[in-house]
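Good morning, colleagues. Please turn to the structure that I am about to show, and keep the sequence at hand while I speak.

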Amino acid sequence: MKCDSEMYKRNRWVIGNWKMNSSLVANATLLEAIVAARDESSGVGASRVAVCAPFPYLTQLQRTLGGTAIAYGAQDVSEHTSGAYTGQVSAAMLGEFGATIVLVGHSERRLYNAETSALVAAKAAAAVAAGLTPVICVGETLAERESGLAEATVARQLAPCAALMASSPKNIVIAYEPVWAIGTGKTASPAEAQAMHAFIRSELAKLSAAAADISVLYGGSVKAANARELFSQSDIDGGLIGGASLIAEDFLAIVSAA
Ligand code: PGA
């Protein structure tokens with residue numbers, strides 16, 4: 001168990017990943033509730049709270065969250081800065097809407113958009129270059145876990161980001177999300193999650209002493225009921241929340257747990 005001063009070097013985060021859900025009307029209700037609750041509870045030492053929404057909602061986030069303590073951003077970003085890349089969105093464009101954070105390498109993008117770890121690293125670098133914080137998502141599938149390959153998989157996913165993590169540790173967040181726990185209701189037990197987070201920390205320690213400052217979040221069926229125990233593990237610095245981030249009451253309970 002780490003002493004308090006050691007733990008507090010790393011920021012604690014609760015980040016909502018809305019995925020391809022919601023609507024302007026539903027967002028308005030959700031954001032209003034989150035802003036009202038955070039206005040009362042945010043302060044020194046409070047966890048950082050953020051939401052990552054589909055691109056078209058960025059103006060709504062800017063209007064609603066601009067000037068509040070809640071950060072916001074997107075769920076993907078181009079590895080390119082500009083040019084003939086139809087359908088892609090650059091990190092600078094996200095910044096124009098006040099976004100400060102962006103998910104990269106979510107397992108759904110690795111699966112449905114064939115994103116490789118090298119591409120994910122390029123996206124993370126593009127985000128950092130534009131002043132955004134990339135949340136680099138890693139995690140093994142059930143087959144990889146059952147074959148004893150969980151650690152090797154995560155190490156392989158992190159490897160292309162090594163240089164970036166060593167050079168810009170303060171501008172990066174990692175989210176460990178076992179694929180078998182995402183949207184399935186099956187959460188890694190606190191002990192299983194802690195073991196993987198400890199492994200990730202040991203990989204980070206190999207990069208540079210500064211990498212010890214990188215926050216490592218857990219994601220995968222985090223709910224109000226299990227958040228507190230997960231977040232109390234010494235190497236878990238908060239969570240990346242999918243389904244439960246769409247319901248204000250659930251999301252806010254998870255924020256309180258952090
Ligand atoms: P979940 O999703 O909380 O719905 O499991 C987490 C994520 O995919 O980021």
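Where is the place of K19? K19 sits in the loop between β1 (13-17) and α2 (24-41); helices (H or I, at least four residues) and strands (E, at least two) are DSSP runs, numbered from the N terminus. K19 has a positive phi of about 55°, although it is not a glycine.

A word on the source. This is a predicted model, in which local features need pLDDT of at least 70 and side-chain atom pairs count only at pLDDT 80 or more, while totals for chains, interfaces and linings use all residues. Residues are numbered from 1 along each chain as its sequence is written, and side-chain values use heavy atoms, with hydrogens and water left out.

I turn to the ligand. Of the 13 residues around the ligand, K19, H106, E177, G183 and S221 come nearest; a residue counts as near if one of its heavy atoms lies within 4 Å of the molecule. By class, this shell has 4 nonpolar, 7 polar and 2 charged residues. Here Ala, Val, Leu, Ile, Met, Phe, Trp, Tyr, Cys and Pro count as nonpolar, Asp, Glu, Lys and Arg as charged, and the others, Gly among them, as polar.

A backbone N or O atom of S221 lies 2.7 Å from an oxygen atom of the ligand. The protein covers 95% of the 280 Å² of accessible area that the ligand has on its own (Shrake-Rupley method, 1.4 Å probe).

Next, the salt bridges. A search of the whole structure finds 11 of them, each a side-chain nitrogen of Lys or Arg within 4 Å of a carboxyl oxygen of Asp or Glu. D76 belongs to the loop between β3 (70-74) and α4 (91-96) and R109 to helix α5, so the pair ties together parts that are 33 residues apart in sequence.

A114, although not a glycine, has a positive phi of about 50°, and A114 is found in the loop between α5 and α6 (117-129).

Terms used: Polar contact = N/O pair within 3.5 Å; in protein donor to acceptor, adjacent residues only side chain to side chain.
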